[in-house]
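Subject: Structure handover and notes

Hello,

Here is the structure you will be working with. Please open it first, then read the notes below with it on screen.

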Amino acid sequence: MSPRPGFVLEVDRSTPPTLFWHGERFALERLPTGSRVIYGPEPLAALADPVAAIRHALTHPLGDVDPLPAQLRPGMRLTIAFDDVSLPLPPMRRPDLRQLVIEQVLELAADAGVDDVVLIAALALHRRMTEPELRHALGDRVYDAFAPHDLLWQHDAEDPDNLVHLGLTDHGEDVEINKRAAESDLLVYVNINLVAMDGGHKSVATGLASYRSLRHHHNARTMQHSRSFMDQHQSELHTSNWRMGRLIAASGVKVFQIETTLNTDTFPEQFRFLQRREWEWTLRDRASFVASSNSLRRTPPRLARQLLHGIRAPHRMTSVQAGEVEAVHALTTEHVYAQQRVEVEGQSDILTMGLPYICPYNVNSIMNPILVACLGLGYFFNLYRGKPLVREGGVLILHHPTPNEFNPVHHPSYIDFFEQVLTETTDPVEIGKYEESFATDPWYIHLYRTGHAYHGVHPFYMWYWCAHALEHLGAVIVVGGDREAVRRLGFKRASTLADALEMAEDVVGRDPWLTHLHAPPVMMADVR
Amino acid sequence: MKKALVFERNVPRFAAARVAAAIAGSGRGTGIGPLRLTEVDPPALPGPGWHRVRPTLAGICGSDLATLDAKSSRYFEELVSFPFVPGHEVVGVVEEADGPDPLAPGTRVVVEPVLGCIPRAITPPCPACAEGRTGGCERVAFGHLSPGLQIGYCADTGGGWSAAGLVAHRVQLHAVPDGLTDEDAVMVEPTACAVHAALDAEVDPDDVVAVLGAGTLGLATIAALRTLTTPATLIAGAKHAHQRQLAAELGADSVVTPDQLPRAVRRRSRSLALADQLTAGADVVVDCVGSAESLRQSLAMVRPRGRVVLVGMPGSVHIDLAPLWHREVALTGAYAYGTELVDGVARRTFDIAIDVVGAHGLGRLVSARYPLERYEEAVAHAGAAGRRGAVKIVFDLEARPPTSPARPRHSPKGPPA
């Protein structure tokens, strides 16, 4: 039986309560009659033989480029860059797609007699990956072959000796990327395209770039003009990256792009109810829900976090394409949409969403309040094409505990941003005046380069991610959030969903129309 | 005979107050401590130049609380004389004067309480007094008065917590300008301490200055630093929301909670960090708390060869001075007032403080006024001022004794108490 497409449910009196994520917990909420719930398509069938599919993609590239084996020769410098720990979510079961792809690329390189090979984790300004995270992404064989010989690098956006400025785009944007990558005879970039935003020219132009380059598109203005940043053709973020990517190509950097897509088989068997429609829950699903909910409720938050971050997703590859960046990305985007697209008619007054324990920037870490805002107002709000799911001036209701808690190792500058910037202003444009002092702070730079800290400027990017939503919405309400943290974010707090709906009526009027985004698993709403 | 609060030497009561304060919190042991409400005669004028002052408002200071909580350092034992009437933050009215150049009865005055060489009729005065640095007087336990470093700690002068009044020498009295309210005026003494500290901090224009603590002294210090110095950045650590708001209003560029202060200093000074110790740090840290923890924090966030100014009254503290030694930090106390040199001009600290109080409207820091009869409540309120949304608690010597429990009066401009 083929997987069913996405579905928009209209809530009536017989509709069972709807599942909401609530950080490390879940909640069942009864939505008002007439509300609609958007469910993503069921997981697409995985490729039967992913290794063969990868081989085929490498030898049958898209666009005007030679097959990978034809581009490999003895004595050449080959660099293989790959997406970092922020993808996929949750981390997938072994073998990770990066491992499968890189092993094939390395086999071809070995066959061609290529000796000078370096692997680079394309961190941009993200934290450095730990050894277990690298082993998970690359597999032990690749890790052991490269890491001990200092051939497994993590991109350092603050290493002046290993950055090269390639020039300015016709919009005056600096393009500065990893020197080894830029000066290699061939740069192979291995992507996991979890959402439509990922990949394309963004891979190299962002993943291997410096702050000097990134600041041109990671800012409030760009994000306010990206509607949404999940829709490449309406995204100023992408337009800027595309300009940079083309300049990179024009500078002579040869990029062989490999992009892979995943199905939305996101949670293992014991959490399978999370990706099923509630009225179709079997007795086993109900039992799993009750058991999971009860045990998570009784588990101390730190332990619950640990348990959930231990989840390895069963999602599997649905496509792999390789070759010229733009040709590859066009087909990849089709595959992403095929898995995630749901047609939706019209915008509602209120959009609700339950936020889970994880986002791209807190893998094996704490979802701090800034990341909660970013996940809700950045990522989930932007999971649309056409128009936002909620009308202008509408209300976004997030379901998350929003603990006032930070990981000091991973997010040191987030703490200062929360305490010293958000106390002054929550306006994404206004906060820009503090950006440079964070971006150039020697302590944050030290921690980014030598520890496992996100770059000093990263919390600003998280807040810029919210810029479009903040401009669009009339109010944001967080159900069950920490009072002080929610207040600091500039949002309102409600104890229950019913309270939040009453509060929302002050903004959008009586009897509002409500949409609930039933994610994750991730989806993309095509709103007409 | 009039009502007054008198502090007596009474070891069992002293011990009881200490235990109660340790268990129930600052200011909660007053009822069983050495302070008692009694009837006293007005103090006699000690000699020529002395005035009798009828207090209008008298503040409860951090050092008063330390005394009532029996937490004061034993260092002070020889510098006070018993029994004494506390209260050294005083605005009042001259009732009687003796000697040359008297102030006219009815003149509204604030009292500069240090009992230096001139009030003590010591001639020649000690070097500090000769230079006008009365806070540094070497003879506060000598002369024709009983020992007592200030009015409010001397058995002969009375103090502000008394309807029977106090006596002060002409050199200790400053006429209050008409533009200042009584609430403003009662803030002059603590503001003079803040002015002295701000000037003692030797702030340069490029400096990052951190102020630890945002009670009365901390807030007044922020106002004084903002008025009298031009630091590049003035960062304040304030525990409670109303303190943070006031600190920002009084001129702090950045206000954070105390636990965040080292982080804010680190960021502004673009320092690195090794565990809790900043490698660089603030040029000047003004510690308006005076605890072991605040001193430790001050040393952890001051730059090498920087300056820590201790304004809050410390007691016996245990602290690791290795960073002070290794980083060649200057640790200096800032006590009281005297004469300051501002732009090459010598001015009495109190005169500068009167300007600062007027410029910032510091009378708004007075949060509640109590009659003497409700001294236990007043002291408890002062002991929990921060938690209860208050700053300065004062005795109102003109208030009628209550016939039934009444709510304290709040300053119209002050935060809720």
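To start with chain B: strand S9 (residues 233–237) of chain B pairs with S10(B) in the parallel sense, over 3 bridges. Within S10(B), Val256(B) is the residue that stands opposite Gly237(B). Please keep in mind throughout that this is a predicted model.

S9 and S10 belong to an open sheet of 6 strands in chain B, with the order S10-S9-S8-S13-S14-S15 and parallel pairing. At its edges are strand S10 (254–256) and strand S15 (330–333) of chain B, each of which pairs on one side only. From one strand to the next, the twist averages 15°. As background, strands of a sheet pair through backbone hydrogen bonds, and the pairing is either parallel or antiparallel.

Chain A shows both kinds of pairing around one strand. Strand S1 (residues 7–10) of chain A runs antiparallel to strand S4 (residues 36–39) of chain A, and 4 bridges join them. Here Leu9(A) stands opposite Val37(A) in S4(A). S4(A) is also joined by 4 bridges to strand S19 (residues 514–518) of chain A, and these two run parallel. In that pairing, Tyr39(A) stands opposite His518(A) in S19(A).

Next, the nonpolar cores. The largest has 172 residues, and those with the most contacts inside it include Ile80(A), Val105(A), Val188(A) and Cys374(A). Helix H14 (residues 369–380) of chain A gives the most to this core, with 9 residues. A second, separate core has 132 residues, among them Leu35(B), Val114(B), Ile151(B) and Leu310(B).

One loop residue is worth a look. Ile311(A) is found in the loop between helix H12 (301–309) and strand S12 (317–323) of chain A. Is Ile311(A) buried, exposed or partly exposed? It counts as partly exposed because it has 18 C-beta neighbours inside 10 Å, whereas a buried residue needs 20 or more and an exposed one has 12 or fewer. Leaving aside neighbours within four places in sequence, Ile311(A) is in contact with Pro90(A), Phe267(A) and Pro268(A). Pro520(A) is 209 residues away from Ile311(A) along the chain, and the C-alpha atoms of the two are separated by 14 Å.

Then there is the place where the chains meet. How many residues of each chain are in contact with the other? On chain A there are 8, and on chain B there are 11. Helix H15 (412–421) and helix H17 (442–450) of chain A each supply at least two residues of the chain A side. H15(A) gives the most to that side, with 4 residues. By type, the chain A side divides into 3 nonpolar, 2 polar and 3 charged residues.

Last, the confidence scores. The model scores ipTM 0.86 and pTM 0.90. Chain B has a mean pLDDT of 93, and 96% of its residues reach 70 or more. Over residues 404–417 of chain B, however, pLDDT stays under 50. For that stretch the model has 33 contacts beyond four places in sequence.

Regards

Definitions and conventions
Residues are numbered from 1 along each chain as its sequence is written. Chains are lettered from A and ligands numbered from 1 in the order in which they are written. This is a predicted model: local features need pLDDT of at least 70, side-chain atom pairs count only at pLDDT 80 or more; totals for chains, interfaces and linings use all residues. Two residues are in contact if their C-beta atoms, placed from the backbone, lie within 7 Å. Ala, Val, Leu, Ile, Met, Phe, Trp, Tyr, Cys and Pro count as nonpolar, Asp, Glu, Lys and Arg as charged, and the others, Gly among them, as polar. Two strands pair if DSSP finds at least two bridges between them. Axes are lines fitted to C-alpha atoms, for helices over the stretch in contact, and angles run from 0 to 180 degrees between N-to-C directions. A nonpolar core is a set of buried Ala, Val, Leu, Ile, Met, Phe, Trp, Tyr and Cys residues joined through C-beta atoms within 7 Å. pLDDT is the predictor's confidence in each residue, from 0 to 100.
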